[in-house]
Number of protein chains: 2
Amino acid sequence: MNIGQASGASGVSAKMIRYYESIGLMPAAGRTQSGYRVYSPRDVHLLRFVRRSRDLGFALEDIRLLLGLWQDGARPSAAVKDIALKHIDDLTRKIAELQAMKRSLQHLAEACHGDARPDCPILDDLSGLDVGHEKGGETEAAPPQTADKSCCR
Amino acid sequence: MNIGQASGASGVSAKMIRYYESIGLMPAAGRTQSGYRVYSPRDVHLLRFVRRSRDLGFALEDIRLLLGLWQDGARPSAAVKDIALKHIDDLTRKIAELQAMKRSLQHLAEACHGDARPDCPILDDLSGLDVGHEKGGETEAAPPQTADKSCCR
DNA sequence: GCTTGACCTTCCCATGATGGGAAGCCTTAT
DNA sequence: ATAAGGCTTCCCATCATGGGAAGGTCAAGC
């Protein structure tokens with residue numbers, strides 16, 4: 001099996017397959033005499049595992065751990081669950097962060113006429129011009145202290 | 001005002017202030033004879049604008065547009081609102097994606113004993129071992145077609 | 001046999017926003 | 001005068017992924 005076929009069968013791009021090998025996530029593939037990488041159905045299975053893990057948002061370093069546990073017949077399931085729960089926590093934090101941004105933006109967008117006139121509450125907010133709120137509006141999102149610098153902010 | 005003082009007053013790191021200048025997001029700061037950058041309160045205001053925009057999750061390219069509109073007294077507020085609404089859409093998509101991951105993981109984690117025994121539904125799922133679901137469980141998250149490759153997956 | 005096209009190889013570069021750190025100059029206070 | 005701390009530029013790292021160039025290989029068709 002060529003890398004292209006392994007790619008098609010696993011849903012992982014050839015580029016990524018080579019990359020995973022280079023960082024030691026995959027064992028180095030066998031080679032034909034001419035240097036082509038060769039893959040077994042077993043390898044494809046492993047690639048699918050990685051693919052599915054990526055789809056669930058796991059980082060490659062986590063996947064490295066998960067692969068180790070997968071291949072360790074004596075693993076305690078607690079170790080796997082631990083990784084999963086930590087990831088759920090991360091997701092929860094990121095979701096909350098994005099939702100805070102979204103909420104703030106929605107308030108601002110609702111207040112903006114969106115016509116040809118130049119006055120715009122969105123720009124007013126961004127420029128720090130704090131208009132008095134009649135209703136207890138939440139203008140803040142992702143306060144600096146809590147902001148997760150590791151994420152897509 | 002030094003770069004350090006501008007940083008303190010705006011909440012943007014000195015590193016980022018230089019970067020924003022280098023990519024043309026900020027006008028090039030004035031310099032003292034010895035080469036130190038000099039900032040005015042006006043510059044600090046601009047930096048705060050950028051900071052706040054980043055906190056709301058806008059990309060630097062969007063912020064470039066927002067800054068242009070901010071400084072254009074004749075802007076139509078619709079242009080600003082348009083950028084904001086697009087960003088809200090992005091946020092909505094990302095949130096949905098992360099929530100789908102979270103949901104799948106929670107189902108799997110709930111099914112996992114998390115003890116010393118090796119059998120683990122999480123690994124079973126990752127390895128593609130599709131156990132028959134009694135209840136209509138959703139095992140899928142972020143289907144490939146819809147997955148936003150531009151984000152932190 | 002030779003050509004052609006589709007595949008493979010490696011290597012370098014780019015993304016987006018940010019931080020770390022080194023080497024060296026400047027300023028300010030003691 | 002000297003030390004401390006701030007400033008400068010430049011390079012590198014992150015994380016996962018794609019793009020593309022230059023060159024080797026394989027299989028099918030003429």
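This is a predicted model: local features need pLDDT of at least 70, side-chain atom pairs count only at pLDDT 80 or more; totals for chains, interfaces and linings use all residues.

H5 of chain A and H5 of chain B pack at an angle of about 155°, and their axes are 9 Å apart. By that cut-off, H5(A) and H5(B) are therefore roughly antiparallel to each other. Their crossing is left-handed. Sorted by class, the residues in the contact of H5(A) with H5(B) are 20 nonpolar, 8 polar and 6 charged.

That pair belongs to a wider interface. How many residues of chain B are in contact with chain A? The count is 59 residues of chain B, in contact with 59 residues of chain A. On the chain B side, the elements giving two or more residues are helix H3 (41-55), helix H4 (60-71), H5 and helix H6 (121-126). Of these, H5(B) gives the most, with 21 residues. The side of chain B that touches chain A has 32 nonpolar, 15 polar and 12 charged residues.

Next, how the copies are related. Chain B can be laid on chain A with an RMSD of 0.1 Å, by a turn of 180° and a shift of 0.0 Å along the axis. The two copies are thus related as by a two-fold rotation axis. As for the surface they use, 100% of the interface residues of chain B are also interface residues in chain A, so the copies meet through the same surface.

H1(A) passes H3(A) in a right-handed crossing. From H1(A), the contact uses A:Ala6, A:Ala9 and A:Ser10; from H3(A), it uses A:Asp43, A:Val44, A:Leu47, A:Arg48 and A:Arg51. By class, this contact has 4 nonpolar, 1 polar and 3 charged residues.

The second pair is H3(A) with H4(A), residues 60-71. Their axes come within 11 Å and cross at roughly 135°. H3(A) and H4(A) are therefore oblique to each other, and the crossing is right-handed. Here A:Phe49, A:Val50 and A:Ser53 in H3(A) meet A:Ile63, A:Leu66, A:Leu67 and A:Trp70 in H4(A). This contact has 6 nonpolar, 1 polar and no charged residues.

Finally, the DNA. Which residues are closest to DNA strand C? Among the 19 that surround DNA strand C, the closest are A:Asn2, A:Gly4, A:Arg37, B:Ser34 and B:Ala59. The elements giving two or more residues to this surface are helix H1 (3-10) and helix H2 (14-22) of chain A, together with helix H2 (14-22) of chain B. By class, the surface near DNA strand C has 7 nonpolar, 7 polar and 5 charged residues.

DNA strand D has 19 residues around it, and A:Ser34, A:Ala59, B:Asn2, B:Gly4 and B:Arg37 come nearest. At least two residues of the surface near DNA strand D come from each of H2 of chain A, helix H1 (3-10) of chain B and H2 of chain B. The classes there are 7 nonpolar, 7 polar and 5 charged residues.

Terms used
Residues are numbered from 1 along each chain as its sequence is written. Chains are lettered from A and ligands numbered from 1 in the order in which they are written. Copies are superposed by least squares on the C-alpha atoms of residues with pLDDT of at least 70 in both. Two residues are in contact if their C-beta atoms, placed from the backbone, lie within 7 Å. Axes are lines fitted to C-alpha atoms, for helices over the stretch in contact, and angles run from 0 to 180 degrees between N-to-C directions. Helices (H or I, at least four residues) and strands (E, at least two) are DSSP runs, numbered from the N terminus. Angles under 35 degrees count as roughly parallel, over 145 as roughly antiparallel, 65 to 115 as roughly perpendicular and the rest as oblique. A crossing is left-handed if the near helix is turned anticlockwise from the far one by less than a right angle, and right-handed if clockwise. Ala, Val, Leu, Ile, Met, Phe, Trp, Tyr, Cys and Pro count as nonpolar, Asp, Glu, Lys and Arg as charged, and the others, Gly among them, as polar. A residue is near a molecule or strand if its C-beta atom, placed from the backbone, lies within 6 Å of it.
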